[in-house]
Amino acid sequence: MSARVLCIGGIDSSGGAGLLRDAATLTAMGLESCAAVTAVTAQSDKAVREVQLMPPALVASQIAAACEGPVDAVKIGMLGSAALVDAIARALPDRPVVLDPVLVSSSGRALLDEGGIAALLAHLVPRATLLTPNLPELDALAAALGCSPAQAIGRLQDSGCGAVLVKGGHDLTPQDATDRLYHRASPVAEFHAPRLDAALRGTGCQLASAIAGGLAQGLDMERAVSEAKRRLTARFRASCAATAPEATRGNMSRA
Ligand code: PLP
């Protein structure tokens with residue numbers, strides 16, 4: 001039987017990001033997925049129009065029902081509120097967890113309320129096998145911890161998070177998009193990909209769910225990250241080929 005990943009996050013009505021992106025990613029890997037919906041959003045690629053958070057008890061109940069079947073790894077995306085973070089932390093199964101700290105949509109709408117970051121740091125980061133912040137998310141976590149982004153990587157690991165993958169897509173200085181995996185057991189691992197001009201949505205969702213899929217299949221962390229990055233780069237290339245034959249610089253993704 002295929003490995004099965006529990007995806008906890010929001011529905012993006014455009015299909016660009018969120019649970020639909022997670023499920024598409026896992027299906028393309030030949031894996032099964034199950035889901036707990038934290039929020040229903042009405043959004044296009046340009047704007048988030050409405051967000052309706054689900055009651056925390058309903059989310060906990062979805063997780064419990066999903067866990068009646070096998071769950072080999074968990075991927076967590078949009079959480080919405082501190083109350084949802086708390087409910088999810090209590091309901092989580094004891095499995096590898098990839099936590100994508102989704103704070104803001106690429107169209108600029110906050111996807112986690114004010115107390116949410118503190119709750120995330122207190123209750124979910126310690127349960128995460130891997131945390132996958134992009135650079136603005138790392139800055140926000142560091143601000144909440146009251147330290148620099150570089151110090152935050154160590155503080156997050158001190159709090160119990162197994163590893164931190166800092167995604168470099170927002171750093172437009174280097175030629176390529178470099179993600180760095182900070183893992184206490186080994187030296188920092190770098191994952192390079194060419195910087196391609198494709199305004200893709202849901203890149204952070206795809207990367208995190210593909211890593212969760214890799215862990216569910218029994219890959220080690222470095223292999224799971226490099227395979228996930230390879231899949232994401234393939235999607236960038238396909239998008240570039242479909243829209244403009246000549247790839248130029250300027251990766252517009254949030255990953
Ligand atoms: N909407 C939902 C429900 C999401 O889960 C996410 C990201 O995880 C987003 C929006 C943001 O995606 P993007 O950065 O592509 O706008």
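## Basis

The model is predicted: local features need pLDDT of at least 70, side-chain atom pairs count only at pLDDT 80 or more, and totals for chains, interfaces and linings use all residues. Residues are numbered from 1 along each chain as its sequence is written, and side-chain values use heavy atoms, with hydrogens and water left out.

## Nonpolar core

The largest nonpolar core holds 72 residues. Such a core is a set of buried Ala, Val, Leu, Ile, Met, Phe, Trp, Tyr and Cys residues joined through side-chain atoms within 4.5 Å. Buried means under 20% relative accessible area, exposed over 50%, and partly exposed in between (1.4 Å probe, protein chains only). Ile-76, Leu-124 and Ile-211 touch the most other members.

Take Leu-124. Residues up to four places away in sequence aside, Leu-124 touches Ile-76, Leu-79, Val-85, Ile-88, Ala-89, Leu-92, Leu-99 and Ala-119. Contact means heavy atoms within 4.5 Å.

## Helices α3 and α4

Helices (H or I, at least four residues) and strands (E, at least two) are DSSP runs, numbered from the N terminus. Helix α3 spans residues 82-91, and its buried residues are Leu-84, Val-85, Ala-87, Ile-88 and Ala-89. Their cover includes β1 (4-12), β2 (32-43), β3 (48-53), α2 (56-66), β4 (73-76) and α4 (116-124). In α4, Gly-116, Ile-117, Ala-119, Leu-120, Leu-121 and Leu-124 are buried. Covering elements there include β4, α3, β5 (97-99), α5 (135-145) and α6 (149-158).

The axes of α3 and α4 come within 8 Å and cross at roughly 15°. Axes are lines fitted to C-alpha atoms, for helices over the stretch in contact, and angles run from 0 to 180 degrees between N-to-C directions. The two helices are therefore roughly parallel; angles under 35 degrees count as roughly parallel, over 145 as roughly antiparallel, 65 to 115 as roughly perpendicular and the rest as oblique. Ala-82, Val-85, Asp-86, Ile-88 and Ala-89 of α3 meet Gly-116, Ala-119, Leu-120, His-123 and Leu-124 of α4. By class, that contact has seven nonpolar, two polar and one charged residues. Ala, Val, Leu, Ile, Met, Phe, Trp, Tyr, Cys and Pro count as nonpolar, Asp, Glu, Lys and Arg as charged, and the others, Gly among them, as polar.

## Helices α7 and α8

Helix α7 (residues 203-216) packs against helix α8 (residues 221-243) at an angle of about 140°, with axes 8 Å apart. That makes α7 oblique to α8. The contact has 10 nonpolar, three polar and three charged residues. From α7 come Thr-203, Gln-206, Leu-207, Ala-210, Ile-211, Gly-214 and Leu-215. Their partners in α8 are Met-221, Ala-224, Val-225, Ala-228, Lys-229, Arg-231, Leu-232, Arg-235 and Phe-236.

## Single residues

Gln-206 sits in α7 and is buried, at 6% relative accessible area. Leaving aside neighbours within four places in sequence, Gln-206 contacts Arg-21, Thr-25, Arg-231, Leu-232 and Arg-235. Thr-25 belongs to helix α1 (residues 18-28) and is buried at 7%. With residues up to four places away not counted, Thr-25 touches Gln-206, Ser-209 and Ala-210.

Phe-236, in α8, is buried at 7%. Phe-236 and Ala-199 are 37 residues apart in sequence and 8.7 Å apart in space, C-alpha to C-alpha. Ala-241, also in α8, counts as exposed at 60%. Ala-241 and Ala-198 are 43 residues apart in sequence and 9.5 Å apart in space, C-alpha to C-alpha.
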